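Thanks for making time this morning. Please have the sequence and the structure open while I talk.

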Amino acid sequence: MDPTILITGATGTIGSELSRELLKKGVKPRVGVRDFEKVESLGLGPADNIILNYEDDSSIREAFKGIDKLFLLLPGLEPIEKAQLGIKLINLAKGAGVEHIVDLSTMRSVDDPKSPHLVVEKYLETSGLNYTHLCPNWFNQNFSNFFLKPIKQFKRFGIYTADAKVSFIDVRDIAAIAAKALLSDDLLNQTITLTGPESISFKEAIETISQIADIEIKCDAGNEEDTRAFLKLCNWEEKGINRMVELLRQTSEGFYADVYPDIQKVLGRPPISFEEYAKDYKECFV
Ligand SMILES: NC(=O)c1ccc[n+]([C@@H]2O[C@H](COP(=O)([O-])OP(=O)(O)OC[C@H]3O[C@@H](n4cnc5c(N)ncnc54)[C@H](OP(=O)(O)O)[C@@H]3O)[C@@H](O)[C@H]2O)c1
């Protein structure tokens, strides 16, 4: 019998991709959403939809009832709030009898003592529950969601670390690995680092999108202040901009440049390249 799976963050970038991946495999997950109206447009209609709001513990308890496996996604929050929310959710999952948590962390969290994801990983490891830590690098899809507005509207991209190399990962690969972790015991109590097949700079990424979508996107690096102005154009709020600037500092030091073999090992195929992503998403940019 298939395990009963709850997907949190189900209306987000990874959660919606993962929910569709499970449905494609004939598995009907329970998807936790704040707003039923988003469900149909994301193709999650056939799933078992339930209201889940992290600010309402009774909704969490209700959503966790009878769950064997939990995909745990923490939204963008200040580090302390994020770690506290992760710990609260692990405690509630344990109380509800969940057996295995697949948590969405970040690449090299273990090398970043300030990472809230590391706090959550360590807490989960000592909770007595089975875990699978998924540690992805920057998503390809950040270009078609977070950074899309100025790319589309003004044909420009502007962050001061434009030459920094990153082994960008496709969320479809994250979803494929998450599905494997939820549907088998193969990845039990393991940490999987998720990167693309190559390391490219933001500038090279923008050049690839420009070429494939046949639009001229200007990539001006500028300085940190210019980057803040660019992120405002992306409709980011001050706190999110501060977190991004911190992340970009780390990125410029090569923290996210390495390529890891985990996807090839687990899925038996190479990860999706940035070029394939740009081909599949080119309509978004025009
Ligand atoms: N972007 C990257 O490159 C990257 C790389 C590595 C790791 N990560 C990690 O990935 C995570 C974000 O994943 P994502 O991009 O898939 O997220 P996302 O697209 O921003 O979606 C966030 C999800 O969380 C839900 N959510 C927000 N507040 C909630 C609340 N109070 N109660 C219940 N649900 C709530 C949202 O629901 P609504 O639709 O209702 O708002 C949405 O489903 C973060 O932890 C981040 O650190 C990101």
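This is a predicted model: local features need pLDDT of at least 70, side-chain atom pairs count only at pLDDT 80 or more; totals for chains, interfaces and linings use all residues.

Start with the overall dimensions. The protein has 286 residues, and a compact globule of that length would have a radius of gyration near 19 Å; the protein has 19 Å, so the two agree. Along the principal axes, the C-alpha atoms fill a box of roughly 50 × 40 × 35 Å. The secondary structure comes to twelve helices and eleven strands. Of the 286 residues, 40% are buried. If you take the contacts with a separation of 6 or more, 75% of them are between residues 24 or more positions apart.

Now the core. In soluble globular proteins, nonpolar side chains tend to be buried together. Here the largest nonpolar core has 73 residues. Which residues have the most contacts inside it? They are Phe 71, Ile 101, Leu 134, Ile 174, Ile 177 and Ala 178. Helix H7 gives the most to this core, with nine residues.

Is H7 mostly covered or mostly open? It is mostly covered, with ten of its 13 residues buried. The buried set includes Ile 174, Ile 177 and Ala 178, and those three are also among the residues with the most contacts in the core. Asp 173 is on the buried list of H7 as well.

Ile 101 is another of the core residues with the most contacts. Leaving out residues up to four places away in sequence, Ile 101 touches Leu 70, Leu 72, Ile 90, Ala 93, Leu 124, Leu 129 and Tyr 131. One of those, Leu 124, is a buried residue of helix H5, residues 116-125. The buried residues of H5 pack against helix H4 (79-95), strand S5 (100-104) and strand S6 (130-136).

Next, Ile 192, which lies in strand S9. Why does Ile 192 count as buried? There are 22 other C-beta atoms within 10 Å of its own, and the cut-off for buried is 20 or more. Its contacts, again leaving out residues up to four places away in sequence, are Thr 132, Leu 134, Cys 135, Ile 177, Leu 187, Asp 262 and Val 266. Ile 177 belongs to H7, and Leu 134 is on the list of core residues with the most contacts. The C-alpha atoms of Ile 192 and His 133 are separated by 6.2 Å, although the two residues are 59 apart along the chain.

On to the ligand. How many residues surround the ligand? There are 24, and the closest are Gly 9, Thr 11, Gly 12, Tyr 54 and Pro 75. By class, the shell has eleven nonpolar, nine polar and four charged residues. Helix H1, residues 13-24, supplies the largest share of the shell, three residues.

Most residues other than glycine have a negative phi. Asn 189 has a positive phi of about 55° and is not a glycine. Asn 189 lies in the loop between H7 and strand S9 (190-194), and counts as exposed because 12 other C-beta atoms lie within 10 Å.

Asp 214 has a positive phi too, about 60°, and is not a glycine either. Its place is in the loop between helix H8 (202-213) and strand S11 (218-219). With 10 C-beta neighbours inside 10 Å, Asp 214 counts as exposed.

Ser 58 lies in helix H3, residues 57-64. Is Ser 58 buried or exposed? Ser 58 is exposed, with 8 other C-beta atoms within 10 Å. Ser 58 and Ala 205 are 147 residues apart in sequence and 44 Å apart in space, C-alpha to C-alpha.

That is what I have for today.

Technical notes: Residues are numbered from 1 along each chain as its sequence is written. A residue is near a molecule or strand if its C-beta atom, placed from the backbone, lies within 6 Å of it. Helices (H or I, at least four residues) and strands (E, at least two) are DSSP runs, numbered from the N terminus. Ala, Val, Leu, Ile, Met, Phe, Trp, Tyr, Cys and Pro count as nonpolar, Asp, Glu, Lys and Arg as charged, and the others, Gly among them, as polar. A nonpolar core is a set of buried Ala, Val, Leu, Ile, Met, Phe, Trp, Tyr and Cys residues joined through C-beta atoms within 7 Å. Two residues are in contact if their C-beta atoms, placed from the backbone, lie within 7 Å. The radius of gyration is taken over C-alpha atoms; the globule rule is 2.2 Å times the number of residues to the power 0.38.
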